[in-house]
Every structure is written in C-alpha cells, then in structure tokens.
Amino acid sequence: DVTGKVLMPGLVDSHSHIGGGSGADGSGPIQPDARVLDAIDVRDASIQKAQAGGITTANVMPGSGHLISGQTLYLKLRDGRIVDDLLIKLPDGTVAGGLKMANGTNSMRGANGFPGTRAKSAALVREQYIKAQEYREKIKRANGDAEKMPARDLALEELVEVLEGKRTVQHHTHRADDILTVLRIAKEFGYKVVLHHVSEGWKVADEIAAAHVACSVIMVDSPGGKLETRDMDWRTPAMLEKAGALVGFHTDDGVTDSRLFLRSAALGVRAGMTRKGALEAVTIANAKILGLESRVGSLEAGKDADFIVLSGDPLSVYTRV
C-alpha cells in the first residue's frame, strides 16, 4: 500500500566508486586497457548503502590519478553473487561503460612518465589519440587480411571505441582552464565527453552549453580538499541549467554518501536550480549522461521496471527511501 507515498524513478548516480574497484596503477599515466570490471566486489557493503539511498543505477569509475585510468562500468544495483548479475548489456551484447579520464593536479606527478604540467598533460593525451587514429587506419587498410593486421593493442582498441562513439569519455576536471582544455581536445578528435565535478563550471557555463556537453556535478558542503577546488560554488548547477547545459549530480562515493544522494538535488534547488531540473539531475539527466535513457531515469511504458518509493517529498531531509 503506497497511499500517501511518493513514487519516482530509481536514482541514477553518474559517478561512484562503490564496490571497492580500482583501475590503472602507478606504472604510467595512460592505461585505457584497465577494466574496473575486473576489480569490483559486488558483495561489498557500499553497494547496499547505495541501494539504501535509492540509487538503482551507477557509473562505477576507477580513480582520477591518471590522464586515462581505465574503463568504467554502468551497473544496475541488484543483489548479486557475482559482477555479471549487475551488468548492463548494450543491444550488441557488449557491457555498458565509459572511459575515465582526468586532468588537473591529480595526474601531475612528474615521474614514471606522468606529466609535470598542464600543457604536457594535454600533449600526452593528444599523442595517444593520434596513435589510436593510426591504429584504426591500419585495421581499415588490412580489410580483414590477418597478415596485414597490426598487432592487437588493448589500450588502443579502447581509444578507437571512443573515436567511433561507442564509448563516452567521463572526464574529471575542476578549474575553468582545465574544463576548456577538455572541450578543446574532445572537439579536436570528435569524441563524446561528459564533464565531471566542474568546480569552476560557473565561470565557463556558456562555453560548456555552446559545446553541447553535459556536466555531472558534485555538491560538497564542507571546506577543504584541493587548491584547484577553492572556487567551487553551489550555484554551478543552477548557472549551467540556465545556460542550457544538461546537468546531473553524482556522489563520488565515498566523497559524499550514497545514502544522501537526494540531498544533492535539494542543495541544488537551495542554490537556485529549478525543482524540475534538480529532480531530473538524479534521474533522467544522469540516464542521458550514461546513454541509458531508453531504459532508466523516467517512469514510462517499455522501460525497465525500476523505481523507488519515498515516505515524502524527495527534497526533504526527513524523507526516507
């Protein structure tokens, strides 16, 4: 009996680290061949914590300490014994997921091939995508002839998927100049990208909207963190919404707690976002960010039977899932 309750789509978290997964290691800054699929423990309590917050779909990511830290995984948070029980399959049978990239201070280590500056960070990324273009061209020229095929390269295979639009880049970025660098390189190589965190997104909201690029924003309500996030502003989602950009929220769990995900939407409204935009930011907007809008994010016939029941207003701190 759900009389007096609120029914809404299962929440979609566009950036999480539940399940204890990890991607690339310290051997180099660019490792697109690392698959978080091979590192997730589906029996980890963090997954049930996300369920408790009403999250039914999540983009589980490797960390942001690399320019490219590996392949992300879009999971349906069912109770499962093995990771296969949670996988979302695309129509062609492949496993749904993106590619995690990052820029800014996290990857600027200046050792083991890691860049020491922002300019070198961008240069290394460009080099890899040029190699991927050349790899794709060699495969095309081989035209199925095994003797002419280049040696298989798992890292370049994934970057070719990005170039061909089969995999979306989910890109960690904070400062306004770093955000513009992401947009510049994505335009240069013609791939689809989503901006994550965008601490200074409010400074370049019009440029983001003009590029038709979506943003996945984290709402952090306590001081501290990295110097490059000092100009983080709660008004960013509202300003992006006003500029016409697609806006979603994320937990980055455990930076913020999955159990409090709806609170991000409430904080967005408090800072000037529309109620409609904030609720979409934890449902259909995030579904679009993951390319899963045909299955989740709204209550429509033909979609997954994926919904949550709330005790009251979704934006009330007193509401329980």
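## A walk through the model

Sorted by class, the residues that line the second largest pocket are seven nonpolar, twelve polar and six charged. Ala, Val, Leu, Ile, Met, Phe, Trp, Tyr, Cys and Pro count as nonpolar, Asp, Glu, Lys and Arg as charged, and the others, Gly among them, as polar. This is a predicted model, where local features need pLDDT of at least 70 and side-chain atom pairs count only at pLDDT 80 or more, while totals for chains, interfaces and linings use all residues. Residues are numbered from 1 along each chain as its sequence is written, and side-chain values use heavy atoms, with hydrogens and water left out.

**Pockets and a cavity**

The second largest pocket has a volume of about 470 Å³. It is lined by 25 residues, and those closest to its centre are V220, G224, G225, T229 and M232. A pocket is an open set of points on a 1 Å grid over the protein atoms alone, with protein on both sides within 12 Å along at least five of seven lines, and lining residues have an atom within 4 Å of a point. Points are joined across faces, edges and corners, and a volume is the space filled by probe spheres set on them.

The largest pocket has a volume of about 550 Å³. Among its 25 lining residues, L90, V95, G97, K166 and R167 are the closest to the centre. Strand 5 (73-76) and helix 3 (154-163) each supply at least two residues of this lining. Here helices (H or I, at least four residues) and strands (E, at least two) are DSSP runs, numbered from the N terminus. The lining of the largest pocket divides into eleven nonpolar, seven polar and seven charged residues.

How many cavities of 30 Å³ or more does a search of the whole structure find? There is one, a cavity being a set of grid points where a 1.4 Å probe fits but cannot get out. The largest cavity has a volume of about 30 Å³, and its lining is made of H197, V198, S199, V217, I218, M232, D233 and T236. Of these lining residues, four are nonpolar, three polar and one charged.

**Buried or exposed?**

Here are some residues you can look up in the structure. Buried means under 20% relative accessible area, exposed over 50%, and partly exposed in between (1.4 Å probe, protein chains only).

| Residue | Relative accessible area | Class |
|---|---|---|
| E228 | 5% | buried |
| Y129 | 0% | buried |
| F189 | 9% | buried |
| N286 | 0% | buried |
| T3 | 65% | exposed |

E228 sits in the loop between strand 9 (214-217) and helix 6 (236-243). Leaving aside residues up to four places away in sequence, E228 touches G104, T105, N106, R118, H172, H174, R175, D178 and E200, where contact means heavy atoms within 4.5 Å. The side chains of E228 and T105 are joined by a polar contact of 3.1 Å. Such a contact is a pair of N or O atoms within 3.5 Å; within protein, one must be able to donate a hydrogen and the other to accept it, and residues adjacent in sequence count only if both atoms are side-chain atoms.

T3 belongs to the segment before strand 1 (6-9). A polar contact of 2.6 Å links its side chain to that of D1.

**Aromatic rings**

A search of the whole structure finds two aromatic pairs. Y129 and F189 have ring centres 5.5 Å apart and planes at 35°, so this pair is tilted. It links distant parts of the chain, since Y129 is in helix 2 (residues 118-142) and F189 in helix 4 (residues 176-189), 60 residues apart. Rings of Phe, Tyr and Trp (its six-membered ring) pair if their centres lie within 6.5 Å; planes under 30 degrees apart count as stacked, over 60 as edge-to-face and the rest as tilted. Y129, F189 and Y191 together form one aromatic cluster.

**Around helix 7**

Which residues of helix 7 (residues 261-270) are buried? They are F261, L262, S264, A265, L267 and G268. These buried residues pack against strand 2 (11-16), strand 3 (55-60), strand 10 (247-249), helix 8 (275-281), helix 9 (284-289) and strand 11 (307-310). After helix 7 comes G272, with a positive phi near 115°.

N286 lies in helix 9. Not counting residues up to four places away in sequence, N286 touches V12, D13, S14, G248, F249, F261, E280 and A281.
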